[in-house]
Amino acid sequence: MKHCIFDLGNVLFRFDLVHILAHRFEPKVAEEIAPIFFDRRIWDRMDDGTISDQDAKQAICDLLPPEYHRGAREVYDAWPDLLYPVPGMPELVRELKEKGHKLYLLSNISIGFVEQSMKNPMYREVFDLFDGLVFSGPIGITKPKPEIFEYLLHTNSLRAQDCIFIDDSPVNIAGAGAAGMDAILFEGDAGKLRTILQAKLKA
């Protein structure tokens, strides 16, 4: 039987930058500062565990005007609780689980997010459906590096050819393919993904 490996951000839960910033800022300001607040040079280092969440929060503030610092800190502390499920995805995950498929999560995410999400019932309800969870921050390896796919396979005693990987990033899809997995680029449509998976899981 095939196993399904899911990404988290914009696959299971929507990572909406302006929505997150609107927790504390007016929409116009949220749009203006989103590229600064979510600077990949900072977030990539959080994802691979090379800087702490506290250091990242300070680095973000260093890029913003002083009048935005308090709001930025508040948003940073709250952002894990500001994501929301991608429509139809929790239901699809439950369907796959009920049909007996093994499910795994492979996400580039910070240590702080992992700690905070484990306390949130919204995440726990979904995470409890999975047979294995791999987060980049705690292990210090990020997608699409080959080592993170090897880590997932080894720690869960999986064979790459038995796995279907679902992610919204073409780069990560390519990484999974290079690791020997079948891979599906998720474009936000749970119904379309269900149809694709049904065909692949029957093959």
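Me: Leaving aside its neighbours within four places in sequence, which residues is K57 in contact with?

Reply: Bearing in mind that this is a predicted model, K57 is in contact with R73, Y76 and D77 once the neighbours within four places in sequence are set aside. Contact here means heavy atoms within 4.5 Å, and K57 itself has its place in helix α4, which runs over residues 53-63.

Me: Why is K57 called buried?

Reply: The relative accessibility of K57 is 10%, and buried means under 20%, so K57 counts as buried.

Me: What makes E115 exposed?

Reply: The cut-off for exposed is over 50%, and E115 has a relative accessibility of 51%, so E115 counts as exposed. E115 lies in helix α7, residues 111-117, and its C-alpha atom is separated by 9.8 Å from that of P80, a residue 35 places away along the chain.

Me: Why is the pair R40 and D44 called a salt bridge?

Reply: A salt bridge needs a side-chain nitrogen of Lys or Arg within 4 Å of a carboxyl oxygen of Asp or Glu; the closest N and O atoms of R40 and D44 are 2.6 Å apart, so the pair qualifies. Both residues lie in helix α3 (residues 40-47), where they are four residues apart, about one turn of the helix.

Me: What makes K200 and D182 a salt bridge, and where do the two residues lie?

Reply: The closest N and O atoms of K200 and D182 are 3.0 Å apart, and this is within 4 Å, so the pair is a salt bridge. It links distant parts of the chain, with K200 in helix α12 and D182 in strand β7 (residues 182-185), 18 residues apart.

Me: How many salt bridges are found in the whole structure, and which residues are linked in a network?

Reply: A search of the whole structure finds 16 salt bridges, and D7, K143 and D167 are linked in a network of them.

Me: How do you know where empty space is left?

Reply: Rolling a probe the size of a water molecule over the atoms shows where empty space is left. The largest pocket has a volume of about 510 Å³, and its lining is made of 26 residues, with G9, R40, D47, N108 and I109 lying nearest its centre. Helix α3 gives the largest share of that lining, four residues.

Me: What kinds of residues line the second largest pocket?

Reply: The lining of the second largest pocket divides into four nonpolar, five polar and five charged residues, and the largest share, four residues, comes from α7. The pocket holds about 210 Å³ of space.

How values were computed: Residues are numbered from 1 along each chain as its sequence is written. This is a predicted model: local features need pLDDT of at least 70, side-chain atom pairs count only at pLDDT 80 or more; totals for chains, interfaces and linings use all residues. Side-chain values use heavy atoms; hydrogens and water are left out. Buried means under 20% relative accessible area, exposed over 50%, partly exposed in between (1.4 Å probe, protein chains only). On a 1 Å grid over the protein atoms alone, a cavity is a set of points where a 1.4 Å probe fits but cannot get out, and a pocket is an open set with protein on both sides within 12 Å along at least five of seven lines; lining residues have an atom within 4 Å of a point. Grid points are joined across faces, edges and corners, and a volume is the space filled by probe spheres set on the points. Ala, Val, Leu, Ile, Met, Phe, Trp, Tyr, Cys and Pro count as nonpolar, Asp, Glu, Lys and Arg as charged, and the others, Gly among them, as polar.
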